[in-house]
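User: I have a model open and would like to go through it piece by piece. Can you help me read it?

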Amino acid sequence: MNTLENFFHRFFKFIWNAIFVITYPVLATFGLVFIGITYFFSWISSFLARFSRTVPREEGKVDWKSLSEESDLIEGKLHKQIIFGPECYQLRRKDGIPSVIEDHVFGKKVNVLKEGWLLEKWNTTELAQIPDFDICLYQPDTDKLTRLANIKCFDWHISEKKEEFLCLKWFDGTQGGELKVAIA
């Protein structure tokens with residue numbers, strides 16, 4: 001290195017070290033204050049929790065819950081939750097009548113139609129093979145489960161309903177489509 005390069009090298013090294021020496025106590029103090037505030041609020045929270053009369057409710061302990069606000073006939077029990085994804089449920093009828101829906105695993109989406117309920121019947125719960133489910137029509141009066149279509153994505157909805165047909169739109173993130181299925 002020549003003397004000019006050596007001078008600039010030492011000068012910028014001195015500036016860098018000076019900035020570090022001046023800012024280090026500020027950064028260290030901020031870190032200690034942040035940790036102290038976190039511990040303080042944690043202590044306050046645990047202190048106030050002693051005076052609470054409510055018992056914390058754990059979601060895992062809830063067995064059966066209603067899945068549809070439109071119909072109060074079926075309830076579901078969590079079977080499996082996919083990491084960063086949807087949940088699948090075991091379903092049963094609330095009136096205690098044995099049903100064909102007890103033999104399968106379904107998604108949380110329940111659409112109530114006048115012909116019956118539109119359900120997602122999962123064909124598998126293996127992470128590598130999902131999404132793979134059938135859109136089925138469950139008729140509670142006759143306890144009949146009819147397969148309407150197979151869909152390979154979770155994002156679907158009813159776009160149009162005609163007398164005997166449903167139009168289902170789906171989108172898997174890269175492509176979408178439309179299915180027309182007969183429900184009669």
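This is a predicted model: local features need pLDDT of at least 70, side-chain atom pairs count only at pLDDT 80 or more; totals for chains, interfaces and linings use all residues.

User: Start with α1. How far apart are its end C-alpha atoms, and what span should its 47 residues give?

Analyst: Helix α1 covers residues 3–49, and its end C-alpha atoms are 68 Å apart. At 1.5 Å a residue the span should be 69 Å, so the two values agree.

User: Where is the kink in α1?

Analyst: At T23, shortly before the proline P25, and it is about 35°.

User: And which residue caps the N-terminal end of α1?

Analyst: N2 does: one of its side-chain oxygens lies 3.3 Å from the backbone nitrogen of L4.

User: Switching to the sheet. What is the strand order?

Analyst: The sheet is open and has seven strands in the order β1-β2-β3-β4-β5-β6-β7, with antiparallel pairing. At the edges are β1 (65–66) and β7, each of which pairs on one side only.

User: How many bridges join β6 and β7?

Analyst: Seven, in the antiparallel sense. In one of the residue pairs, I135 has A149 in β7 as its bridge partner.

User: Which residues have the most contacts inside the largest nonpolar core?

Analyst: L118, I135, I151, W156 and L168, in a core of 19 residues. Two or more residues come from each of β5 (117–122), β6 (133–139), β7 (144–151) and β9 (165–171). A separate core of ten residues includes Y89, L91, W117 and L119.

User: What does W156 touch?

Analyst: Leaving out residues up to four places away in sequence, W156 touches K109, N111, L118, E120, F133, I135, I151, L168, K169 and W170.

User: Now E75 in β2. Buried or exposed?

Analyst: Buried: its relative accessible area is 12%, and the cut-off for buried is under 20%. E75 lies in β2, residues 74–81.

User: Which side chain makes a polar contact with the side chain of E75?

Analyst: That of R92, at 2.6 Å. Beyond four places in sequence, the residues E75 touches are W64, K65, S66, Q90, L91, R92 and K94.

User: Last one, H104. Where does it lie?

Analyst: H104 is in the loop between β3 (87–93) and β4 (105–112). It is partly exposed, because its relative accessible area of 28% falls between the 20% and 50% cut-offs.

User: What is H104 in contact with?

Analyst: Setting aside neighbours within four places in sequence, Y89, Q90, K121 and L145. H104 and T124 are 20 residues apart in sequence and 9.9 Å apart in space, C-alpha to C-alpha.

Definitions and conventions
Residues are numbered from 1 along each chain as its sequence is written. Side-chain values use heavy atoms; hydrogens and water are left out. Helices (H or I, at least four residues) and strands (E, at least two) are DSSP runs, numbered from the N terminus. The expected span of a helix is 1.5 Å times one less than its number of residues. The bend at a residue is the angle between axes fitted to the seven residues ending there and the seven starting there. A polar contact is a pair of N or O atoms within 3.5 Å; within protein, one must be able to donate a hydrogen and the other to accept it, and residues adjacent in sequence count only if both atoms are side-chain atoms. A nonpolar core is a set of buried Ala, Val, Leu, Ile, Met, Phe, Trp, Tyr and Cys residues joined through side-chain atoms within 4.5 Å. Buried means under 20% relative accessible area, exposed over 50%, partly exposed in between (1.4 Å probe, protein chains only). Contact means heavy atoms within 4.5 Å. Two strands pair if DSSP finds at least two bridges between them.
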